[in-house]
Amino acid sequence: MRPMKRRRASDPSPSRWAWRFERLMLTPLFLLFLRAGIPVVIGFGLAVWWLSDEDRRAAIWETVAEARASFETRPEFMVQLLAIDGADDALAQAIRAEVPLSFPVSSFDLNLGEIRDHITSLDPVKSATVRIRPGGVLQVDVRPRVPVVIWRNRKGLDLVDVTGAHVSTVDLRMDRPDLPLIAGIGATDHIKEALNLYRAAAPLGGRLRGIVRMGGRRWDIVLDRDQRILLPEDGPVQALERVITLDAAEDILSRDIKRVDLRLGARPTVQMSEFANETWWDIRQVSGQ
């Protein structure tokens, strides 16, 4: 008889792939992917498929637009009027022209920063704040530029503030008789010095016609009767005060002279008028005889 073969007992341990799968099922990240990731992927795919239809997308955007418009046009969000404080009538009219708004308008449609930039771009405006007040009022608070001098230039007469910034224009000098007159290239870069000269020239009264910047370096004081005081580049106010003191003592500016030249502080000179010069020569000739 042949010997009987022994049957191998089956191995109860899992296969290598089964063991790996069981280990994977115990991984928290994999479980999270099964519970959340797969549903998300499936849902995203279905949403993409559903939104691939152009009519469905249009219907969704239309619904969103209607809901947004219904919310933004509620009465509490509507702006009914524009209020401007700190500006005169002419400047307020210029602001309304620069920022044309058709009221009522939703506050969501207003770009306050852009509105402020438009307003501050106007020459007469130094700064401005824009806000929406309760009650549907667009409030604009303006800080205008204050003109301190009239600058005569090739284009005409400009009103200029203390920083030299342009404010507006005038047609005639007498439109603003309260402001001093300056002229010359570069004059607006030295407004404070010009104002100091005007204050120092106060004793001259109505004789003062204006101040001219010469060569971008120094000033000339222009008086009536075509007289000029030529000031130095350094210390012009002190030089003008010396001339005024001398005029108070000697009355030189009432004489028939054309120029008082102080450009050389150590050697001031006086230029007589043509008539005075001829008269002086006539006197010398008569004296010489």
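A residue is called buried when its relative accessible area is under 20%, exposed when it is over 50%, and partly exposed in between. The views below show a predicted model.

**View 1. Asp-220 and Arg-228 meet in a salt bridge.** The closest N and O atoms of this pair are 3.0 Å apart. Asp-220 has a relative accessibility of 3% and therefore counts as buried. Arg-228, at 23%, counts as partly exposed.

**View 2. Asp-261 and Arg-263 form a salt bridge.** Here the closest N and O atoms lie 2.7 Å apart. Asp-261 is buried, because its relative accessibility is 14%, whereas Arg-263 is partly exposed at 44%.

**View 3. A salt bridge between Arg-217 and Glu-233 links distant parts of the chain.** The N to O distance between the two side chains is 3.5 Å. Arg-217 belongs to the loop between β10 and β11, and Glu-233 to the loop between β12 and α7 (236-250); the two residues are 16 residues apart. Arg-217 has a relative accessible area of 45% and is partly exposed. Glu-233 is likewise partly exposed, with a relative accessibility of 45%. In the whole structure, a search finds nine salt bridges.

**View 4. Nine strands make up an open sheet of mixed pairing.** The strand order is β8-β7-β6-β9-β10-β11-β12-β13-β14. At the edges stand β8 (166-170) and β14 (269-272), each of which pairs on one side only. From one strand to the next, the twist averages 25°. Strands β12 (residues 228-230) and β13 (residues 257-261) run parallel and are joined by three bridges. Ile-229 has Val-260 as its bridge partner in β13.

**View 5. Helix α6 lies across several strands, among them β6 (149-153), β7 (156-160) and β9 (181-183).** The helix also lies across β10 (208-214) and β11 (218-223), and runs at about 145° to β10.

**View 6. The largest nonpolar core has 36 residues.** Helix α6 (residues 191-200) gives the most to this core, with six residues. Ile-182, Ile-221, Ile-229, Leu-231, Leu-240 and Leu-253 have the most contacts inside the core. Beyond residues up to four places away in sequence, Ile-182 touches several others, including Val-149, Trp-151, Ile-191, Ala-194 and Tyr-198. Another core, of 18 residues, lies apart from the largest one and includes Leu-110, Ile-115, Leu-122 and Val-125. In soluble globular proteins, nonpolar side chains tend to be buried together.

Notes
Residues numbered from 1 in each chain as written. Predicted model: local features only at pLDDT ≥ 70, side-chain atom pairs only at ≥ 80, totals over all residues. Heavy atoms only, no water. Core = buried A, V, L, I, M, F, W, Y, C linked by side-chain atoms within 4.5 Å. Buried < 20%, exposed > 50% of the residue type's maximum accessible area, 1.4 Å probe, protein only. Helix = DSSP H or I, 4+ residues; strand = E, 2+ residues; numbered from the N terminus. Contact = heavy atoms within 4.5 Å. Pairing = 2+ DSSP bridges. Axes fitted to C-alpha atoms, helices over the stretch in contact; angles between N-to-C directions. Salt bridge = Lys/Arg side-chain N within 4 Å of Asp/Glu carboxyl O.
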